[in-house]
Every structure is written in structure tokens, then in C-alpha cells.
Amino acid sequence: MAVASAPPGPGSLSTRPPDVLPAVAWAPVRAAVLVLGVLLTAVSTQYGYHRDELYFRMLDPAWGYVDQPPLTPWIARTFADLFGDTLLVMRVPATLAHLAAIIVIALVARELGGRTGAQALAAWGYGTAAIPLAFGHTFLTASLDLVVWPAVLLCVIRAVRRDPRWWLAAGLVTGVAMYNKLLVAALVGALVLGLLVAWPWRSLRTARGTAPAGGPDAVVRWPLATPWPWAGAAVALLVGLPNLLYQATNGWPQLAMGAALGENNAADVRAEMWLFQLLTLGPPLALVWLVGLFWLWRRRPTLRFLVVAYPVLLAFTYSAGSQTYYATGLLAVLFAAGCVPVAAWARTAWRRVAVAAVVLFNAAACLVISLPLVPVEDLAETPVADINASAQDAVGWPEYVRQIADVHGALPEADQDRAVVLTQNYGEAGAVDRYGPALGLPPAYSGHNELWEYGPPPESASIALVVTEAPGAWGDRFAECAVQGQLDNGVDVDNEEQGVAVLVCREPVGGWASLWPELKHLD
């Protein structure tokens with residue numbers, strides 16, 4: 001005798017089994033990883049250090065800093081200590097993050113039903129795209145975001161569609177991500193808001209009992225009505241607790257840093273962020289992630305929260321005004337989603353050729369823009385220097401330090417012994433720290449971000465070689481100051497240090513203890 005069952009109420013769990021995942025397309029994914037790994041390694045020592053990389057070298061291991069959590073500087077210092085303090089070693093973590101991100105993006109395409117063609121498009125398209133390449137070449141905090149944000153999203157997608165226990169994995173990755181940037185909280189908030197406003201209650205009720213077994217979106221219970229997301233949140237908080245305790249016991253410096261970035265960058269960020277969405281992967285591939293937006297909404301109703309989360313992150317980026325790239329991790333997942341219908345469309349030979357041609361064209365442009373392929377002596381004559389700020393920031397550091405050393409070497413020997421280098425930013429301080437000892441330069445000090453926390457020069461240092469773009473601002477801070485040099489990278493790249501003055505200043509007014517508070521700045 002058949003037993004009638006009560007109709008499921010809102011939030012009930014479907015009895016449909018999940019659809020069978022396609023096999024991982026390891027051949028094209030491995031090929032993308034191998035080719036991009038070789039390429040990034042081959043060009044990793046071109047140009048030079050980025051200013052952030054020079055800064056990371058200087059930071060002592062800690063639970064946090066005034067401008068960032070500890071993970072990226074800790075990795076930079078650990079790799080240098082274990083494998084050598086070289087530019088090649090500095091770039092290895094960025095390369096590994098990029099390669100791991102390629103695999104994660106391919107797995108997202110697979111999770112959404114993408115077979116070999118979709119996974120290959122995801123791996124090669126993302127691996128050769130503009131911002132992933134730039135962040136995969138230079139080791140920045142954003143380099144680790146390349147992999148951790150999409151990894152959080154992959155775990156969330158699996159939790160919603162297949163097995164809610166994946167919320168625990170999402171929480172674990174989120175907790176680790178907090179040691180790189182607390183901004184992962186913005187991603188989590190956007191996902192929660194998406195689940196609140198875009199959960200497909202009506203379509204799922206209609207589908208219950210009528211949809212064929214084995215279809216997509218098998219797990220249809222509203223995730224926030226289950227304990228799993230909250231357990232995942234507990235895991236994230238537990239893993240990230242030391243970092244949060246550092247913030248709480250130090251007055252939440254990340255809030256002050258975010259405010260400082262917003263004050264300095266907001267006008268540019270709000271004007272440029274819209275175009276940046278098209279340039280993140282390259283304009284030819286923007287169509288793919290736009291297709292992914294519409295396809296997720298129409299064909300994967302339980303993942304509509306991802307579509308809502310994207311404009312939420314854009315709104316956060318606009319309101320914060322700090323950096324343009326905050327939505328990049330989610331945009332990468334939308335690209336992976338778009339690879340599924342695009343690969344399905346490319347059934348015929350000519351369509352596959354067309355898709356491959358678009359990827360190749362996009363890759364060629366992105367490689368030139370994002371990697372140091374243009375000879376440095378020709379860089380200023382190309383649009384690359386204006387498009388890629390990271391390229392500018394990697395030019396001229398050894399030359400600048402030699403020019404500071406020339407000013408120091410021109411001092412009487414007694415003055416050399418009483419001198420320190422005082423820089424306007426952490427990049428200059430990091431460059432002096434990296435190249436200065438071999439040239440006989442004294443230690444560098446700076447009031448920029450965490451370096452201010454390391455304290456002023458000793459009171460015995462009565463002479464400062466001041467590196468500044470505002471030489472007139474130092475006359476009241478020292479008994480006397482005179483311009484003795486000017487920085488020139490020799491290739492006419494108009495970066496932040498080009499044309500900056502080098503002063504010789506004597507006798508800080510009131511001593512360093514009095515002057516040091518004036519030099520503190522966050523940006």
C-alpha cells in the first residue's frame with residue numbers, strides 16, 4: 001500500500017540525488033598550469049621588485065600590522081629565509097597562487113556542469129587574463145586573494161548544491177583568508193545578502209515532486225535555515241581569532257587604514273572601477289562572465305545569490321573607495337560559470353576555433369600589458385607604463401639607491417657616521433634596506449604605515465638624507481636642509497620616485513622624539 005506523504009514545507013530538503021559531476025579535465029588544466037608556471041618563472045626577475053615586495057621584506061613577523069594582516073609579509077620573509085633573499089624567490093608565492101587559482105576556477109566550471117571544453121576555457125582564459133597575470137607576477141596581498149576568494153566560493157557552491165558539510169570547508173578557507181585581508185568579510189556579507197533576497201522559493205516548490213532525478217540544484221533547502229553555514233562561520237571565527245584579537249586589542253587599525261585609503265583613492269576608484277570590470281580579464285572575455293551572470297540566474301536558481309552578490313561587492317567597492325579590484329574573486333567565478341554555456345555553444349569546429357581565437361587574442365594583449373615583456377628601456381614609450389601601475393613601481397630601485405648612496409658618499413666621513421636615511425614611503429625604505437648595505441648606506445626610517453611603529457632614528461643621528469617630493473616642507477623640521485641630489489631611473493618611467501629630491505638635513509628641531517609624531521601617515 002502506498003503511503004501518502006505530507007507536502008514539504010518551506011525550507012524542506014529535496015529527495016533528488018545530485019547530478020553526477022563531469023570528470024576533471026586534467027589534460028588541459030595541467031597544460032595551462034605548466035605553461036603559465038614556466039612563463040611566470042621565466043619573466044619573474046624582469047624589471048625589479050615592486051614597492052610592496054620591498055616593504056614586506058622589512059616587516060618583522062607579527063600577528064598583524066597597522067595596514068594589513070600578517071600572512072603575505074610572513075610568507076615573503078619565510079621564503080627569503082628558507083630559499084634566499086632574491087627577486088626570483090619573492091615571486092614564487094605569487095606564481096603558486098596564480099597556478100592554484102587556475103585549478104580552482106576550472107573546478108568551479110566543473111562544479112557547474114562544465115565538461116572538458118568548459119574547464120579548458122576556464123583554465124586558459126583565466127590563466128592568461130590581465131589582472132590574474134599581473135597579480136601572479138608580483139607578490140601582493142591581492143595575489144593570495146586570487147586563490148582564496150574563488151576557493152571560498154567553490155566550497156559555498158558545493159555546500160548549496162551537493163553537501164552542506166562543505167560550509168565547514170568554506171569557513172576554514174575564510175578563516176585563513178582573514179590573515180591576508182579582513183575584506184573577505186565583504187564577500188561573506190555579499191553572499192549572505194544574496195541568500196536573503198534571491199533564494200528561489202517559488203521555483204523550488206514548483207519543482208518538488210516534478211523535476212527528474214539527477215537534475216542540477218539537488219540540495220534545495222534554504223542554507224541559512226540549516227546549522228551548517230553557522231557552523232562554517234564559527235570555524236572561520238575560530239581560525240581567524242588571533243588576527244581578530246590583534247585588531248581588537250590595537251584599536252582596529254584596519255578600519256583606520258581603510259579610511260586612509262578611501263580618503264586618498266576614492267575619487268579615482270569611483271571613476272575607474274566600472275571600466276576595471278571590463279579590463280579585469282580583458283574586454284574579449286568580459287562577454288563570457290556577463291553570459292555567466294545571466295546563465296546562473298536562469299539555469300542555476302539556487303546560485304542566484306552569486307548574481308546578487310556581485311553588485312553588492314561593487315557597491316561596497318564604490319562606497320569604500322579604497323581599491324578597484326575588490327570584486328575580482330567573484331568575477332572570476334562568474335567567468336567560470338560563463339564558460340559552461342559558451343563551451344556548450346561551441347559544438348561545431350568553427351565555433352570552437354572562434355572561441356580559441358578570442359582567448360588567444362585576449363592572452364596576447366594581456367601578456368604584454370601585465371607581464372614585463374617590453375624592454376625596460378622602451379617602457380616609457382609604450383601605453384603599458386600608463387596602464388599597468390605595477391610595472392612602473394618595479395622600475396628604478398637599484399638606481400635610486402645608488403643615487404642616495406652618492407649623496408651619502410659625498411659627506412665628510414664624520415657626517416656619514418651620524419647620518420640616517422629618511423624616506424617618504426615604505427617602497428623607498430625597502431629599497432634602501434635591500435640595496436643600501438652593499439653601498440655603505442645607513443639604515444632607512446620612514447613614517448609610512450607600519451614603519452612608523454618601528455620608531456625614530458637614534459638621537460645620535462643628527463644628519464638625515466631625506467628622500468622627498470616636497471623639499472620645501474623640511475626647512476622648519478631641521479636646523480638646515482639643502483637639496484643634494486635628484487632621483488632618476490634613467491629610462492624616463494614616470495613613477496612615484498622619478499624626480500624626487502634627496503636632501504641633506506642637519507639637526508632635527510626638538511630632536512627625533514619631537515619630530516617623529518609629525519611624520520606618521522597612513523596610505
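This is a predicted model: local features need pLDDT of at least 70, side-chain atom pairs count only at pLDDT 80 or more; totals for chains, interfaces and linings use all residues.
Here are some numbered notes on the model above, for you to read alongside the structure.

1. **The disulfide.** The structure contains 1 disulfide, and its partners are Cys481 and Cys505, with the two sulfur atoms 2.1 Å apart. The pair joins distant parts of the chain: Cys481 belongs to strand E4 (residues 478-486) and Cys505 to strand E5 (residues 501-508), 24 residues apart. About the S-S bond the angle is 120 degrees, and the link of Cys481 and Cys505 is right-handed.

2. **Cysteines without a bond.** Cys339 takes part in no disulfide, and the nearest cysteine sulfur, that of Cys366, is 14 Å away.

3. **Salt bridges, starting with Arg77 and Asp60.** The structure has 15 salt bridges in total. In one of them the side chains of Arg77 and Asp60 meet, at 3.8 Å from N to O. Arg77 sits in helix H3 (residues 71-83) and Asp60 in the loop between H2 and H3, so this pair ties together parts that are 17 residues apart in sequence. Both side chains belong to partly exposed residues: Arg77 has a relative accessible area of 21%, and Asp60 has one of 42%.

4. **Glu111 and its arginine partners.** Glu111 deserves a look in your viewer. Arg158 forms a salt bridge with Glu111, the closest N and O atoms lying 2.5 Å apart. Arg158 is in helix H7 (residues 141-161) and Glu111 in helix H4 (residues 87-111), so the bridge ties together parts that are 47 residues apart in sequence. Glu111 also forms a salt bridge with Arg162, where the closest N and O atoms are again 2.5 Å apart. Arg162 is found in the loop between H7 and helix H8 (166-177), so this pair ties together parts that are 51 residues apart in sequence.

5. **Buried or exposed around Glu111?** Glu111 counts as buried because its relative accessibility is 2%. Arg158 is buried as well, and Arg162 is buried with a relative accessible area of 14%.

6. **A salt-bridge network.** Elsewhere in the list of charged pairs, Arg51, Asp393, Glu496 and Glu497 are linked in a network of salt bridges.

7. **Ser44 in the loop between H1 and H2.** Ser44 is found between helix H1 (26-42) and helix H2 (51-58). With a relative accessible area of 2%, Ser44 is buried.

8. **Backbone angles to check.** Tyr47 has a positive phi of about 60 degrees although it is not a glycine. Tyr47 is placed in the loop between H1 and H2 and counts as partly exposed at 22% relative accessibility. Asn449, not a glycine either, has a positive phi of about 50 degrees. Asn449 is found in the loop between strand E2 (444-446) and helix H23 (450-453), and this residue is buried, with a relative accessible area of 3%.

9. Val188, Val192, Leu193, Leu196 and Val197 make a nonpolar surface patch of about 380 Å². Val188 lies in helix H9 (residues 184-197) and counts as partly exposed, because its relative accessibility is 33%.

Definitions and conventions:
Residues are numbered from 1 along each chain as its sequence is written. Side-chain values use heavy atoms; hydrogens and water are left out. Patches are made of residues with over 30% relative accessible area and no salt bridge: like charges are joined within 9 Å, nonpolar side chains (Val, Leu, Ile, Met, Phe, Trp, Tyr) within 5 Å. Accessible areas come from the Shrake-Rupley method with a 1.4 Å probe; for residues, only the protein chains shown count as cover. A salt bridge is a side-chain nitrogen of Lys or Arg within 4 Å of a carboxyl oxygen of Asp or Glu. Helices (H or I, at least four residues) and strands (E, at least two) are DSSP runs, numbered from the N terminus. Buried means under 20% relative accessible area, exposed over 50%, partly exposed in between (1.4 Å probe, protein chains only). A disulfide is a pair of cysteine sulfur atoms within 2.5 Å.
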